[in-house]
Amino acid sequence: MECDRDYAGWDFDAFFNLLAHSIGVRILKALSGGRFRGERGFAWGWALVVGSVALIAPLVAFITWLIVSRSAS
């Protein structure tokens, strides 16, 4: 199966990864007292995971709120 580079999702994926990584680095740097850099390897992946969770958490909370508010009425 050949990978199609013309797909517009590639740009969004790269943007999301960079945004999540920078947010994750800031969060982990704040939690570690400024020692975390997250430049490569496991630290880069860990920063990406933390940043992704931080980006997706408000959306999950909003969907949960919608479900709970609909079931209450």
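1. Residues 24 or more positions apart account for 50% of the contacts in the protein with a separation of 6 or more. Contact here means heavy atoms within 4.5 Å.

2. Please keep the basis in mind. This is a predicted model, where local features need pLDDT of at least 70, side-chain atom pairs count only at pLDDT 80 or more, and totals for chains, interfaces and linings use all residues. Residues are numbered from 1 along each chain as its sequence is written, and side-chain values use heavy atoms, with hydrogens and water left out.

3. The protein has two helices and zero strands. Both kinds of element are DSSP runs, numbered from the N terminus: helices are H or I with at least four residues, strands are E with at least two.

4. Now the surface. The accessible surface comes to about 6100 Å², and carbon and sulfur atoms hold 67% of that area. The areas come from the Shrake-Rupley method with a 1.4 Å probe; for residues, only the protein chains shown count as cover. Of the 73 residues, 16% count as buried. Buried means under 20% relative accessible area, exposed means over 50%, and partly exposed lies in between (1.4 Å probe, protein chains only).

5. Next, the core. The largest nonpolar core has five residues: Val25, Leu28, Phe36, Ala47 and Val50. Helix 1 (9-31) and helix 2 (41-72) are the elements that give two or more residues to this core. A nonpolar core is a set of buried Ala, Val, Leu, Ile, Met, Phe, Trp, Tyr and Cys residues joined through side-chain atoms within 4.5 Å.

6. Look at Val50. Leaving aside neighbours within four places in sequence, Val50 is in contact with Gly24, Ile27 and Leu28. The buried residues of helix 2 are Ala47, Leu48, Val50, Gly51 and Ser52.

7. Ser22 and Leu48 are 26 residues apart in sequence and 7.9 Å apart in space, C-alpha to C-alpha. Ser22 lies in helix 1. Ser22 is partly exposed, at 33% relative accessible area.

8. Helix 2 has a bend. A kink of about 35° lies at Ile56, shortly before the proline Pro58. The bend is the angle between axes fitted to the seven residues ending at a residue and the seven starting there.

9. Finally, Phe42 and Trp46. Both lie in helix 2, four residues apart, about one turn of the helix. Phe42 counts as exposed, at 72% relative accessibility. Trp46 is partly exposed, with a relative accessible area of 44%.
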